[in-house]
Amino acid sequence: MHIVLQLIPKKYLIGGTLILLGLSGLLIMSTIVAITGEFEKDSQQSEVTEIEGGGIGVGTANVSPQVMKYQPLIEKYAQKHGLDASYVPIMMALMMQESGGRGNDPMQSSESFCGSVGCISSPELSVDKGVLHFKSVLEKAHYDLKLCLQSYNFGGGFINYVMKNGGKYTPELAISFSQLQYQKVKHTGNYHCVRPEMVPYSACYGDALYVNAVLKYYTGTITADGKPAAPASGGSGGESGVKVIDAGKTLIGKTRYVFGGGRSQSDINAGRFDCSSFVRWAFEQVGMNVGPMSGVTTDTLKTQGQAINPKDMKPGDVVFFDTYKIDGHVGIYVGNNQFLGCQGKTGVAIASMAKGTYFGERFNGRVKRF
């Protein structure tokens, strides 16, 4: 063996040693990650950009994982085009109605961009131009959000029609506009009623019920200035927050942490949860829907509710931690620098987030009130 080593040039011996050390380091690192137990689904990995003056998720977008993956792009182009961030959940709901997040033009913005269907083949370009078009329509609609949404479907002519007939969106005006436009184009044979209930009215131009179709994917209120707002119930940071904590505490000592667990009724019945599925379950017990059972992750939860300054945290607020990734862990604040969550070694339990503790050092300041 000694003779063989002498025959090998020293530079190759040094290089080989360094490679072996590097591989050993990677193996040790992967082992450490594996035993932490603080895993969460990584399919939607992205860091939300907090935009001054808006507040991400003032209101809730109840959309599919396919739409959720576009949240960072929608935020990016809202910021680029100077659109208040409170409109992000509404635009996510709009995308859900338009495409469900599928295809190369998820915001269906080809017509507004170049005047014909199919000219956009890049999802990012679709979001860029879709957000820009949304902002343009919103401004022309004088921040009447429902008028903006219906005009996104009908086209700008609907805004002119409304301004000549009272100046504010109503469902009746949407139906009458659809009737008028359909009479102009029905001879082409290219139009048919997308909704059977509109057939008796001959309101077959566009979707006269588009506003309700979009808003079914959005939970929140619309203020007088047309901005989306959080539900008026007071949110999770008050009496409802105490109820959420009480509901969650019933699982202490009865669960175990399973990565990806809690996304089926059989998992729930068996007490298998991860951090985000537990939070979803706890809020469901007090009548609050914060996302579908099968699709909840830390990344979907962080788009919900209203952003809260950590100094103003109340029991029932939802807190996030940077563990194996940005916002890799989530729990429910219970007060006194403690939170209720489903952790890797304990299952559902109360843990400290005080300075100097594992979670205290990883609390990233993101607090949401549902």
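Predicted model: local features only at pLDDT ≥ 70, side-chain atom pairs only at ≥ 80, totals over all residues.
Cys-342 is buried, with a relative accessible area of 0%.

**Cysteines and burial**

- The cysteine sulfur closest to that of Cys-342 belongs to Cys-275, and the 7.6 Å between them is too far for a bond. For a disulfide, the two sulfur atoms have to lie within 2.5 Å.
- Cys-148 is buried too, with a relative accessible area of 0%.

**The disulfide of Cys-114 and Cys-119**

- Cys-114 is joined to Cys-119 by a disulfide, with an S to S distance of 1.7 Å.
- The torsion about this S-S bond is about -105°, so the link between Cys-114 and Cys-119 is left-handed.
- How accessible are its two ends? Cys-114 is partly exposed, with a relative accessible area of 36%, and Cys-119 is partly exposed at 33%.

**The disulfide of Cys-193 and Cys-204**

- Another disulfide connects Cys-193 with Cys-204, and here the S to S distance is 1.8 Å.
- The handedness of the Cys-193 and Cys-204 link is left-handed, with -75° about the S-S bond.
- Cys-193 and Cys-204 are 11 residues apart, and each sits in the loop between helix H10 (171-185) and helix H11 (210-215).
- Cys-193 counts as buried at 15% relative accessibility, and Cys-204 is buried with a relative accessible area of 7%.
- Counting bonded cysteines along the chain, the disulfides follow the pattern 1-2, 3-4.

**Helices H4 and H5**

- Two packed helices are described by the angle between their axes and the distance between the axes.
- Helix H4 covers residues 71-80 and helix H5 covers residues 88-98; their axes come within 10 Å and cross at roughly 125°.
- How do H4 and H5 lie relative to each other? They are oblique to each other, and their crossing is right-handed.
- On the H4 side, the contact is made by Gln-71, Ile-74, Glu-75 and Ala-78. On the H5 side, Val-88, Met-91, Met-92 and Met-95 take part.
- Sorted by class, the contact of H4 with H5 has six nonpolar residues, one polar residue and one charged residue.

Key: Residues numbered from 1 in each chain as written. Heavy atoms only, no water. Axes fitted to C-alpha atoms, helices over the stretch in contact; angles between N-to-C directions. Helix = DSSP H or I, 4+ residues; strand = E, 2+ residues; numbered from the N terminus. Parallel < 35°, antiparallel > 145°, perpendicular 65-115°, else oblique. Left-handed = near helix turned anticlockwise from the far one by under 90°. Contact = heavy atoms within 4.5 Å. Nonpolar A, V, L, I, M, F, W, Y, C, P; charged D, E, K, R; others polar. Buried < 20%, exposed > 50% of the residue type's maximum accessible area, 1.4 Å probe, protein only.
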